[in-house]
Amino acid sequence: MSQLITIGVADMKVSNDPAATLVTYSLGSCIGVAIYDPKVRVGGLLHYMLPDANLDLEKAKKNPFMFADTGIPFLFREAYKFGADKRRMVVKVAGGAQILDDHGFFNIGKRNQLILKKIFWRNNVLVKAEALGGSVNRTVRLNLSTGEVLLKEAGKERLL
Amino acid sequence: MNLAEQIISSIEKLPPFPEVVKRLMELVDDPTADAEDIFAVVQYDQALTANCLKLCNCSYFGLRQKVHSLRQAVVLLGTKNLLKIVLAGAGVNIYTKAQEGYGLQRGELWQHSVTCAILSQIVLKKMGRSEDPLLFTSSLLHDVGKVALSDYVGKEFDIISLLVQEQKMSFVEAEKEVLGIDHAELGGIISEKWQFPPLLVKAIRYHHPKDDTEDGREDEDLVPWVRLSNLIANMLGVGTGHDGMACRVDSDLLNQFSLGRKEVQEIMAEFPGEMKKAEELLKITVH
């Protein structure tokens, strides 16, 4: 049985242990970014909460994984340390859901999606698969042996 | 007997809420109560004492030295914190099973409840208010109705889910439509049966927007506080089930707090640090 490494809220892990599976539960408005280099079998999973570190730079310094604009670059850099190459990287994303809010005060899910697309566009990163938005909770598992991403969405599991 | 009546009669099967907690609830309401009064109530319940000692030593409550006895804890923590601890230590017993109808495994509803309780105290702090054990408790217990409604939700899940997806109903609105009663209303009935203080009953009954919510006295009404904490807890998704994100925001909720988008994000940003301090709350055992 593979070893399960849990990534909490505002957390990130990178590993090259093929026996491990990275998992993050409880993606509501937060977004899970899974990256995997199939050649060196290095994978990483980030669970960020909020779009922009300017909200609280001190917090961002202490925990860069809280925000998209500090967490995403950190995730990639960490994977490079393990020998991953950006050109081979398979990127899959999930989360960014919304509660039913007509006034948009709680539209953090949408903001989390927008910044993700902006960062990836600027850095020429292509997203291979995504499960974003809606009003559902999601769980993401990244198998480091195969690179498969298993998505659980509203109680149903499928490969992303 | 229609379905809603059957559901209400099914709460007779729920275990009674411990007498010791009822006594504690009265103490929360009593401004003259002091730590000795709490000690007097708790000391004879060994399992509860054990849970309380574990919680006293979690960094969330800010003690620098390790506590070995409840009497020592009483002195060091003060009444408000001690009440939070004993009510959490007792509250965990409500959530002993999985709520499969909601897609919740055992322990997940407790995780959501603790998340909500911690957020409620972050919101209080943001608003410049002092800690409030009754709000903490209301946030911990707001979803008690799910314990009794879960099986019924499970049986009708497909149709509830369809109403949520196709007709854009909130999950709680769909529960009401299909079952004739929702988990908030049922939680209100359960908490009345358990003789919780009226403010707590009201906070549980109206923790989702409802047309018939009576306005409370602004200074003591817990309803908007529990609603806001619950919404943010749902957004964070910790321990939330199928219904999690399908919850509606009442239009003037944030106006009541004079909060905007930025402040909502600031509240969320406080959460991971506070939750880390409170990890023991997730580990306490059911007795």
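A surface patch of negative charge brings together Asp29(B), Asp30(B), Asp34(B) and Asp37(B). Patch residues have over 30% relative accessible area and no salt bridge, with like charges joined within 9 Å. Asp30(B) sits in the loop between helix H2 (19-29) and helix H3 (35-42) of chain B; helices are DSSP runs (H or I, at least four residues). Asp30(B) counts as partly exposed because its relative accessibility is 31%, where buried means under 20% relative accessible area, exposed over 50%, and partly exposed in between (1.4 Å probe, protein chains only).

This is a predicted model, in which local features need pLDDT of at least 70 and side-chain atom pairs count only at pLDDT 80 or more, while totals for chains, interfaces and linings use all residues. Residues are numbered from 1 along each chain as its sequence is written, and side-chain values use heavy atoms, leaving out hydrogens and water.

Helix H2 of chain B also holds Leu24(B), which is buried because its relative accessibility is 0%. Beyond its neighbours within four places in sequence, Leu24(B) has contacts (heavy atoms within 4.5 Å) with residues including Ile38(B), Val41(B) and Leu83(B).

Over all chains there are 20 salt bridges, each a side-chain nitrogen of Lys or Arg within 4 Å of a carboxyl oxygen of Asp or Glu. One of them joins Lys193(B) to Glu12(B) at 3.7 Å, N to O. That pair links helix H11 (residues 183-193) of chain B with the loop between helix H1 (3-10) and H2, 181 residues apart. Glu12(B) is exposed because its relative accessibility is 57%.

Methods. Chains lettered and ligands numbered in written order. Patch = residues over 30% accessible without salt bridge, like charges linked within 9 Å, V, L, I, M, F, W, Y side chains within 5 Å. Areas by Shrake-Rupley, 256 points an atom, 1.4 Å probe, with all protein chains shown as cover. Lys, Arg positive; Asp, Glu negative; His and termini not counted. Charge placed at Lys NZ, Arg CZ, Asp CG, Glu CD. Helix = DSSP H or I, 4+ residues; strand = E, 2+ residues; numbered from the N terminus.
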